[in-house]
Structure formats: structure tokens, C-alpha cells
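Biologist: Hi! Could you walk me through this model before I set up my own calculations?

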Amino acid sequence: MSRIGKLPVAVPSGVDVAIDGALVTVKGPKGTLSHQVAAPIVVEKGDGVLDVKRPDDERNSKALHGLTRTLVNNMVVGVTEGYEKKLEIVGVGYRVLSKGPTQLEFQLGYSHPIIFDAPEGITFTVEGPTKLGVAGIDKQLVGEVAANIRKLRKPEPYKGKGVRYAGEHIRRKVGKAGK
């Protein structure tokens, strides 16, 4: 049984939810998000809450039940608070420069600087030459952009150099043993 799917999604004041068939649109102070709900699942609007219902107990319905509830909740949280991922750069000479709120320039040990443009709805914050943040209202998009930045130079296991998430632990390897 889906325990997550049964939980109601609380809609805070200042957030407007419109349900048009299978399309759920959430408007809040930070912006607007919408999601197309999968076939057997139905989202119902109650008094200050949203209920996600499933018609039967089939395996597919159960799986989509919890998923849909979480996606709708992420939209509500996104338009009220937003999401942010922090990244760190480790390595001698590795740094990031801000070229505006939607563009970054990385020096990551390659022969050239890397320019990274933000997609629509994503903003960057640079706290220092080795710390940056990715912010937006869409949780999936924020995570994807952060993963793409990390992909530019993944942390290597010997010295730990590269771009990593803040607080991420890199499993280290011992170098070759000398005589």
C-alpha cells in the first residue's frame, strides 16, 4: 500500500491550484508549475489540501499513487520556498566566476575556460571562487543542472579534485605503493 500517496498535500495561503482534467497547475509567489497526471490517478481539491486518489490496487496504480503525490507536493514547495543545491570546487587553480545570474565561467584544469548557461527558471549564486549554488522552483530541473555542472569535472578518487555537492563524501583510494 502507498503510505505516501494517502497523505494529503497541504496548500498554504497565497498558493493557487487549478485542476483541469489531468493537468495540475500550481501558482505561487515564486512562479507557476504544471504537471500532467498519469492515467489512473486523480487529484482532488479539498479545503486547503489536495488529495491524490487511485481507482484500484493494481501494481501500476500503487506505484503512480505515491509518485504523483510527491510530484504535486514538490510543485507546492517549489512555488513557495524554491529549491537550491550547493556545490563545491576542490583543486589547485579550479574556480568559478559569475558572468551574471544565469551564466558561469569555470576554470577546471582544462586548456580553456568552460562557459555554462542556465536554462529558463534557474539562477546561480557564487559565494566564493570555490562555492556556488543552483536555485529554482522546479526540483527536477535544479537537480539536473547541478548534476550537469558536476559532470564537467567529476571528483576523482585519489586527490578528490573536481566539482562535488556540498557535504558529499568522496571515497578515496590509496595511491601506488613505493618501494
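Biologist: What should I know about the model itself?

Modeller: This is a predicted model, where local features need pLDDT of at least 70, side-chain atom pairs count only at pLDDT 80 or more, and totals for chains, interfaces and linings use all residues. Residues are numbered from 1 along each chain as its sequence is written, and side-chain values use heavy atoms, with hydrogens and water left out.

Biologist: What volume does the largest pocket have?

Modeller: About 180 Å³. On a 1 Å grid over the protein atoms alone, a pocket is an open set of points where a 1.4 Å probe fits, with protein on both sides within 12 Å along at least five of seven lines. The points are joined across faces, edges and corners, and the volume is the space filled by probe spheres set on them.

Biologist: Which elements each supply at least two residues of its lining?

Modeller: Strand S4 (31-36), helix H2 (59-80) and helix H3 (139-151). Helices (H or I, at least four residues) and strands (E, at least two) are DSSP runs, numbered from the N terminus. Lining residues, meaning those with an atom within 4 Å of a point, include Leu33, His35, Leu71, Asn74, Met75, Tyr83 and Lys139.

Biologist: And how does the lining split by class?

Modeller: Five nonpolar, four polar and two charged residues. Here Ala, Val, Leu, Ile, Met, Phe, Trp, Tyr, Cys and Pro count as nonpolar, Asp, Glu, Lys and Arg as charged, and the others, Gly among them, as polar.

Biologist: How many residues does H2 have?

Modeller: H2 has 22, and it reaches 33 Å from its first C-alpha to its last, close to the 32 Å expected at 1.5 Å a residue. That expected span is 1.5 Å times one less than the number of residues. After H2 comes Gly82, with a positive phi near 85°.

Biologist: Which residues of H2 are buried?

Modeller: Among them are Leu64, His65, Thr68, Arg69, Val72, Asn74 and Met75. Buried means under 20% relative accessible area, exposed over 50%, and partly exposed in between (1.4 Å probe, protein chains only). Asn74 and Met75 also line the largest pocket.

Biologist: New topic: Glu105. Buried or exposed?

Modeller: Glu105 counts as buried because its relative accessible area is 13%. Glu105 lies in strand S9 (residues 103-107), and its side chain makes a polar contact of 3.2 Å with that of Lys99. A polar contact is a pair of N or O atoms within 3.5 Å; within protein, one must be able to donate a hydrogen and the other to accept it, and residues adjacent in sequence count only if both atoms are side-chain atoms.

Biologist: Which strand holds Val43?

Modeller: Strand S5 (residues 42-45). Val43 is buried, at 9% relative accessible area. Not counting residues up to four places away in sequence, Val43 touches residues including Ile19, Leu50 and Thr68, where contact means heavy atoms within 4.5 Å. Val43 and Ile19 are 24 residues apart in sequence, with 7.6 Å between their C-alpha atoms.

Biologist: And where is Lys154?

Modeller: Lys154 sits in the loop between H3 and strand S13 (162-165). With a relative accessible area of 51%, Lys154 is exposed. Leaving aside neighbours within four places in sequence, Lys154 contacts Lys161 and Gly162.
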